[in-house]
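This report goes through a few local features of one protein chain. The sequence and structure come next.

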Amino acid sequence: MAQKPKVDPHVGRLGYLQALVTEFQETKSQDAKEQVLANLANFAYDPGNYQYLRQLQVLDLFLDSLSEENETLVEFAIAVEGPLSSPTPLLQGSPHLDS
């Protein structure tokens, strides 16, 4: 099982989410990527996180994960379909959705 993310508990929500995104992007461990993406997916269900997730371009991270060979990453990316497909602030301004 992957270790817990190495995040300072005093950095606040934005700092914590930024640390998760950075860890996901930098780690070579598939277990760590799975754990981090699962954590980010959980944060996507809380509307209070939308502004931070949008600022950190987490939607792009989920969309990019859909093309991963790791089926678990794909499944986690699909799991956020609910909160991401509804008309929420997280989607506003997404280059993937702009015409």
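## A buried lysine

K33 sits in helix α2; helices (H or I, at least four residues) are DSSP runs, numbered from the N terminus. The model is predicted: local features need pLDDT of at least 70, side-chain atom pairs count only at pLDDT 80 or more, and totals for chains, interfaces and linings use all residues. Residues are numbered from 1 along each chain as its sequence is written, and side-chain values use heavy atoms, with hydrogens and water left out.

K33 counts as buried because its relative accessible area is 13%. The cut-offs are under 20% relative accessible area for buried and over 50% for exposed, with partly exposed in between (1.4 Å probe, protein chains only).

Apart from neighbours within four places in sequence, K33 is in contact (heavy atoms within 4.5 Å) with F24, T27 and L73. L20 is 13 residues from K33 along the chain, and their C-alpha atoms are 9.5 Å apart.

Helix α4 covers residues 58-65, and six of its eight residues are buried. These are V58, L59, D60, L61, F62 and S65.

Which residues touch the most other members of the largest nonpolar core? They are L40 and F62, in a core of 17 residues. Such a core is a set of buried Ala, Val, Leu, Ile, Met, Phe, Trp, Tyr and Cys residues joined through side-chain atoms within 4.5 Å. At least two residues of this core come from each of α1 (12-26), α2 (30-43), α4 and α5.

Q57 is in the loop between α3 (50-55) and α4. Most residues other than glycine have a negative phi. Q57 is not a glycine, yet its phi is positive, about 60°. Is Q57 buried or exposed? Q57 is exposed because its relative accessible area is 53%.

## Helix α5

I78 belongs to helix α5, residues 71-79. I78 counts as partly exposed because its relative accessibility is 46%.
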